[in-house]
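Here are a few friendly notes to read alongside the model. Please keep the structure open and find each residue as it comes up.

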Amino acid sequence: MSTAEKIVRINAGVSKCLLVALAETTIATLKSQNYHWNVTGPMFGSLHALFQEIYEDHFEAQDLLAERLRAQGEHIDGRYSEFLKVSAIHECPGKIPALKMLSNLADDQRMLSDSLKKLAKVADEIGDVVTSDMAIQRAGIHNKFEWMLRAHLQN
Ligand SMILES: [Fe+2]
């Protein structure tokens with residue numbers, strides 16, 4: 001394999017990881033908004049607010065990731081059905097207990113931080129420090145949300 005072919009293959013790796021991160025962020029956005037609408041129980045106030053904080057953050061991040069993907073020269077098929085095909089995060093009905101919402105979203109935040117750390121690693125390999133820096137910052141935000149969500153599940 002020539003150096004040029006290797007670079008093309010590695011670039012494709014960055015684009016693929018960016019697409020996965022975009023898809024997972026988009027699905028996590030609607031999922032946390034769905035829970036924001038439907039949450040019930042004694043923790044209603046704090047969970048309603050926390051889920052809103054998450055979907056507002058994720059909504060902005062969708063644009064950040066999508067435009068980074070466009071900067072790589074990639075077209076984006078921004079259909080929810082397409083995002084579901086590449087996302088490790090899945091949809092979930094909104095009518096579930098609050099504790100299950102918390103554990104689902106905490107697991108999703110872990111998956112997102114894992115996907116973004118992978119993106120940072122792949123971007124680092126080709127010296128794409130802009131993508132790598134963005135991915136590390138996003139991974140840190142997801143780590144924080146995971147901690148906030150899991151803190152509600154502890155006694
Ligand atoms: Fe609202």
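1. Helices (H or I, at least four residues) are DSSP runs, numbered from the N terminus. This is a predicted model, in which local features need pLDDT of at least 70 and side-chain atom pairs count only at pLDDT 80 or more, while totals for chains, interfaces and linings use all residues. Residues are numbered from 1 along each chain as its sequence is written, and side-chain values use heavy atoms, leaving out hydrogens and water.

2. Which helix gives the most to the lining of the largest pocket? The answer is α1, with four residues. Both α1 (3–38) and α4 (98–125) supply at least two residues each. The lining is made up of Gly13, Lys16, Cys17, Val20, Ser115, Lys118 and Val122. (On a 1 Å grid over the protein atoms alone, a pocket is an open set of points where a 1.4 Å probe fits, with protein on both sides within 12 Å along at least five of seven lines; lining residues have an atom within 4 Å of a point.)

3. Now look at the salt bridges (a side-chain nitrogen of Lys or Arg within 4 Å of a carboxyl oxygen of Asp or Glu). By this rule the count is 10. In one of them, Asp128 pairs with Arg68, with the closest N and O atoms 3.4 Å apart. This pair links distant parts of the chain, 60 residues apart: Asp128 is in the loop between α4 and α5 (129–151), and Arg68 is in helix α2 (residues 44–71).

4. Finally, find the salt-bridge network that links Asp77, Arg79, Glu82 and Lys85. Within it, Arg79 meets Glu82 at 3.8 Å, N to O, and Lys85 meets Glu82 at 2.8 Å.
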